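This briefing sets out selected features of a single structure.

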Amino acid sequence: MHIFEGDTTWRLIGWKHPRISAVAFDPNDHNIIYLAGGNGCLKSKDGGKSWKITTDWQVTESQSICVDPNAPENVYISTAYGIWRSKDYGESWQAANNGLPKKFTQFVTADRRQVGWLFAATEGGIFMTTDGGDNWRLAGAQGIETHDIQQSMQDPHIWLAATETNGVFHSKDNGKSWQEIGGALSKAPIYGVAIDPFDTQNM
């Protein structure tokens, strides 16, 4: 992992890991950093000066990692074999796949307003939980491989999701229901989405 300093300089901090797919921070303590690595979760408590792997051999092929901003002790990591959850700031982990019929999960993200509300982009569609990962249910894009899910900064009820075969889906009711946007990209593989932080019409 590298950190950008000034206008032109990057500095390597900590772990020289061959595959890092995502980074997350504790919102209350930015010295606590989590990385989703090829062989699990890496954690730093000192701003990246030192690192340790906090997962065991069961957690591999990590794809993304997120911290619940409303309960930062709860950390989630998505992998090729499902979702894992920590309730103690990433120190210990348990599988959290109840309700997920297909385990491969490309992305997991937390609603920034409601504790325990998360969305997962899986190979079988968009899944959501309202109890911190104890139970997941299908929310949209049934049977469609999903790559990315993002929440609007301006209107937290609006979400976008990128899919492999059906373009982009959107939700206007905080992820309870999803509709395919259609148009020129309706059959295109989309791997990432973003929403203008100042104008929800720009996506």
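A polar contact is here a pair of N or O atoms within 3.5 Å, of which, within protein, one must be able to donate a hydrogen and the other to accept it. The model is predicted.

- Threonine 55 sits in the loop between strand S6 (52-53) and S7.
- Its relative accessible area is 12%, so threonine 55 counts as buried, the limit for that class being under 20%.
- Leaving aside residues up to four places away in sequence, threonine 55 touches Asn39, Gly40, Cys41 and Trp93.
- Between threonine 55 and asparagine 39, which are 16 residues apart along the chain, the C-alpha atoms are separated by 8.3 Å.

**Cysteines**

- Searching the whole structure gives 0 disulfides.
- Cysteine 41 takes part in no disulfide, and the nearest cysteine sulfur, that of cysteine 66, is 11 Å away.
- Cysteine 41 is buried, with a relative accessible area of 0%.
- Cysteine 66 is also buried, with a relative accessible area of 8%.

**Largest pocket**

- The volume of the largest pocket is about 440 Å³.
- Its lining consists of 20 residues, and those closest to the pocket centre are Cys66, Val67, Thr109, Ala110 and Gln150.
- Which elements give two or more residues to the lining of the largest pocket? They are strand S3 (20-26), strand S7 (62-67), strand S11 (105-110) and strand S15 (146-151).
- Sorted by class, the lining of the largest pocket comprises 15 nonpolar, 4 polar and 1 charged residues.

**Asparagine 97**

- Asparagine 97 belongs to the loop between strand S10 (94-95) and S11.
- With a relative accessible area of 14%, asparagine 97 is buried.
- A polar atom of the asparagine 97 side chain lies 2.6 Å from the backbone nitrogen of isoleucine 83.
- Isoleucine 83 is also among the residues that asparagine 97 touches; the others are Tyr81, Gly82, Lys103 and Trp136, not counting residues up to four places away in sequence.

**Threonine 122 and glutamate 123**

- Threonine 122 is part of strand S12, whereas glutamate 123 lies in the loop between strand S12 (118-122) and strand S13 (125-129).
- Is threonine 122 buried or exposed? Threonine 122 is buried, as its relative accessible area is 1%.
- Glutamate 123 is partly exposed, with a relative accessible area of 32%.
- The threonine 122 side chain reaches the backbone nitrogen of glycine 124 at 3.0 Å.
- Residues up to four places away in sequence aside, threonine 122 touches Leu100, Lys102, Phe104, Thr105, Phe127, Ile144, Glu145 and Thr146.
- A distance of 6.5 Å separates the C-alpha atoms of glutamate 123 and lysine 102, which are 21 residues apart along the chain.

**Leucine 35**

- Leucine 35 is located in strand S4 (residues 29-37).
- Its relative accessibility is 1%, and leucine 35 therefore counts as buried.
- The C-alpha atoms of leucine 35 and alanine 24 are separated by 6.5 Å, with the two residues 11 residues apart along the chain.

**Positive phi values**

- Most residues other than glycine have a negative phi.
- Glutamate 61 is not a glycine, yet its phi is positive, at about 50°.
- Glutamate 61 is placed in the loop between S6 and S7, and at 37% relative accessibility it counts as partly exposed.
- Tyrosine 89, likewise a residue other than glycine, has a positive phi near 60°.
- Tyrosine 89 lies in the loop between strand S9 (82-86) and S10, and with 35% relative accessibility it counts as partly exposed.

Terms used. Residues are numbered from 1 along each chain as its sequence is written. This is a predicted model: local features need pLDDT of at least 70, side-chain atom pairs count only at pLDDT 80 or more; totals for chains, interfaces and linings use all residues. Side-chain values use heavy atoms; hydrogens and water are left out. On a 1 Å grid over the protein atoms alone, a cavity is a set of points where a 1.4 Å probe fits but cannot get out, and a pocket is an open set with protein on both sides within 12 Å along at least five of seven lines; lining residues have an atom within 4 Å of a point. Grid points are joined across faces, edges and corners, and a volume is the space filled by probe spheres set on the points. Helices (H or I, at least four residues) and strands (E, at least two) are DSSP runs, numbered from the N terminus. Ala, Val, Leu, Ile, Met, Phe, Trp, Tyr, Cys and Pro count as nonpolar, Asp, Glu, Lys and Arg as charged, and the others, Gly among them, as polar. Buried means under 20% relative accessible area, exposed over 50%, partly exposed in between (1.4 Å probe, protein chains only). Contact means heavy atoms within 4.5 Å. A disulfide is a pair of cysteine sulfur atoms within 2.5 Å.
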